[in-house]
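This briefing is intended to be read alongside the sequence and the three-dimensional structure. Please consult both displays while working through the points.

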Amino acid sequence: MLYADGPQGGKLYDSAKTVGTHLDSNDRLRANALSPERSRALIKSLLKEYRW
């Protein structure tokens, strides 16, 4: 079972294929995400770059 929220509201999915596709996508996002420390460093560097 998968709940996905969108602009028009949430929707429940119970198809094994749909749920599996979303789980794979989520796994790839997590694998490619920066660590909290690297995320903070990136945000700080961007803030310095965009400050007037």
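The points below cover the overall fold, the strands, the helices, the salt bridges and the surface.

The model is predicted. The chain contains two helices and two strands, arranged along the sequence in the pattern β-β-α-α. Its radius of gyration is 17 Å, whereas a compact globule of 52 residues would have a value near 10 Å.

**Overall dimensions and burial**

- The C-alpha trace of the chain spans about 50 × 25 × 10 Å along its principal axes.
- Of the 52 residues in the chain, 4% are buried.
- The chain has an accessible surface of about 5,000 Å², and carbon and sulfur atoms account for 56% of that area.

**The strand pair**

- Strand β1 (residues 2–6) and strand β2 (residues 9–13) run antiparallel and are joined by five bridges.
- Two residues lie between β1 and β2, and the strands form a hairpin.
- Leu2 has Tyr13 in β2 as its bridge partner.

**Helix α2**

- The helix comprises 15 residues, and the distance from its first C-alpha to its last is 21 Å, close to the 21 Å expected at 1.5 Å a residue.
- Helix α2 is hardly covered, since the number of buried residues among its 15 residues is zero.

**Salt bridges**

- The structure holds two salt bridges.
- In general terms, side chains of opposite charge can pair when their charged atoms come close.
- Asp27 forms a salt bridge with Arg30, with the closest N and O atoms 3.3 Å apart.
- Asp27 and Arg30 are separated by about one helical turn because they are three residues apart in helix α1 (residues 16–32).
- Asp27 counts as partly exposed because its relative accessibility is 41%, and Arg30 counts as exposed because its relative accessibility is 59%.
- Arg40 forms a salt bridge with Glu37, with the closest N and O atoms 3.9 Å apart.
- Both Arg40 and Glu37 lie in helix α2, where three residues, or about one turn of the helix, separate them.
- Arg40 counts as partly exposed at 47% relative accessibility, while Glu37 counts as exposed at 51%; the cut-off for exposed is over 50% relative accessible area.

**Nonpolar surface patch**

- Leu34, Leu42, Leu46 and Tyr50 make a nonpolar surface patch of about 380 Å².
- Tyr50 is located in helix α2 (residues 36–50), and Tyr50 counts as exposed because its relative accessibility is 58%.

Technical notes
Residues are numbered from 1 along each chain as its sequence is written. This is a predicted model: local features need pLDDT of at least 70, side-chain atom pairs count only at pLDDT 80 or more; totals for chains, interfaces and linings use all residues. Side-chain values use heavy atoms; hydrogens and water are left out. Patches are made of residues with over 30% relative accessible area and no salt bridge: like charges are joined within 9 Å, nonpolar side chains (Val, Leu, Ile, Met, Phe, Trp, Tyr) within 5 Å. Accessible areas come from the Shrake-Rupley method with a 1.4 Å probe; for residues, only the protein chains shown count as cover. A salt bridge is a side-chain nitrogen of Lys or Arg within 4 Å of a carboxyl oxygen of Asp or Glu. Helices (H or I, at least four residues) and strands (E, at least two) are DSSP runs, numbered from the N terminus. Buried means under 20% relative accessible area, exposed over 50%, partly exposed in between (1.4 Å probe, protein chains only). Two strands pair if DSSP finds at least two bridges between them. The expected span of a helix is 1.5 Å times one less than its number of residues. The radius of gyration is taken over C-alpha atoms; the globule rule is 2.2 Å times the number of residues to the power 0.38.
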